[in-house]
Amino acid sequence: MARCDILDQQMAEVIQVYPGAAIRDVGDGTHIVSVPLPLQADWNAAATVVQFLVPVPFPAAQLDCFYADHGLRLVGGGMPTNSGLQSLAGEQLLWFSWHV
């Protein structure tokens with residue numbers, strides 16, 4: 001199955017569960033998947049948009065790390081573990097170091 005067919009199939013599945021999810025082509029062969037998610041009371045917001053960068057060699061290369069809204073913090077104002085501010089496609093976001 002071709003990469004774009006896999007992306008289309010998986011995005012259709014994501015959108016069924018998270019109707020506000022979207023995918024956009026960054027223009028260099030990568031894509032960014034955005035998924036609006038509700039949050040638990042441990043956060044300073046009721047919801048955020050989580051973004052994943054889909055690398056060019058996907059699905060051979062897995063997703064690595066994810067991003068959330070710039071101002072997302074723990075309820076007490078602290079930064080979450082393994083996070084920091086980083087740019088994704090020109091937008092400053094909160095980056096989380098997460099690996100499959």
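Reader: Which elements each supply at least two residues of the lining of the second largest pocket?

Author: They are β2, β3 and β4 (64–68). These names follow DSSP runs, numbered from the N terminus, with at least four residues (H or I) for a helix and at least two (E) for a strand. The structure is a predicted model, in which local features need pLDDT of at least 70 and side-chain atom pairs count only at pLDDT 80 or more, while totals for chains, interfaces and linings use all residues. Residues are numbered from 1 along each chain as its sequence is written, and side-chain values use heavy atoms, with hydrogens and water left out.

Reader: Which residues line the second largest pocket?

Author: The lining consists of Leu-37, Pro-38, Leu-39, Trp-43, Thr-48, Val-50, Phe-66, Ala-68, Leu-72 and Phe-96. A pocket is an open set of points on a 1 Å grid over the protein atoms alone, with protein on both sides within 12 Å along at least five of seven lines; a 1.4 Å probe that fits but cannot get out marks a cavity instead, and lining residues have an atom within 4 Å of a point. The space in this second largest pocket is about 160 Å³, a volume being the space filled by probe spheres set on grid points joined across faces, edges and corners.

Reader: What classes of residue does the lining of the second largest pocket have?

Author: It has 9 nonpolar residues, 1 polar and no charged. Nonpolar covers Ala, Val, Leu, Ile, Met, Phe, Trp, Tyr, Cys and Pro; charged covers Asp, Glu, Lys and Arg; the others, Gly among them, are polar.

Reader: How many residues line the largest pocket, and which lie nearest its centre?

Author: The largest pocket has 15 lining residues, and those nearest its centre are Gln-10, Val-33, Val-54, Phe-58 and Leu-63. Two or more residues of the lining come from each of α1 (3–17), β2 and β3 (47–54), with α1 giving the largest share, 4 residues. The largest pocket holds about 260 Å³ of space, and its lining comprises 13 nonpolar, 2 polar and no charged residues.

Reader: What makes up the chain as a whole?

Author: The chain has 1 helix and 6 strands, in the order α-β-β-β-β-β-β along the sequence. Its C-alpha trace spans about 45 × 25 × 25 Å along the principal axes.

Reader: How do you know that β1 (residues 22–25) pairs with β2?

Author: Two strands pair if DSSP finds at least two bridges between them; 4 bridges join β1 to β2, so the two are paired, and they run antiparallel. Asp-25 stands opposite His-31 in β2. The hairpin of these strands has 5 residues between them, and Gly-27 in this hairpin takes a positive phi near 105°.

Reader: How many bridges join β2 to β3?

Author: There are 8 bridges between these antiparallel strands. Pro-36 is opposite Val-49 in β3.

Reader: Why does Ser-34 count as buried?

Author: Buried means under 20% relative accessible area, exposed over 50%, and partly exposed in between (1.4 Å probe, protein chains only). Ser-34 has a relative accessibility of 16%, and therefore it is called buried. This residue belongs to strand β2 (residues 31–38). Beyond its neighbours within four places in sequence, Ser-34 has contacts (heavy atoms within 4.5 Å) with Gly-20, Ala-21, Ala-22, Val-49, Val-50 and Gln-51.

Reader: Why is Leu-39 called partly exposed?

Author: Its relative accessibility is 23%, so Leu-39 falls in the partly exposed class. Leu-39 lies in the loop between β2 and β3. If residues up to four places away in sequence are not counted, Leu-39 touches Ala-45, Ala-46, Ala-47, Thr-48 and Leu-72.

Reader: Is Cys-65 buried or exposed, and why?

Author: Cys-65 is buried because its relative accessible area is 7%. This member of strand β4 has a phi near 75°, a positive value in a residue other than glycine.

Reader: Where does Ala-89 lie?

Author: Ala-89 is in the loop between β5 (83–88) and β6 (91–99). Its relative accessible area is 48%, so Ala-89 is partly exposed. Phi of Ala-89 is near 50°, again positive in a residue other than glycine.
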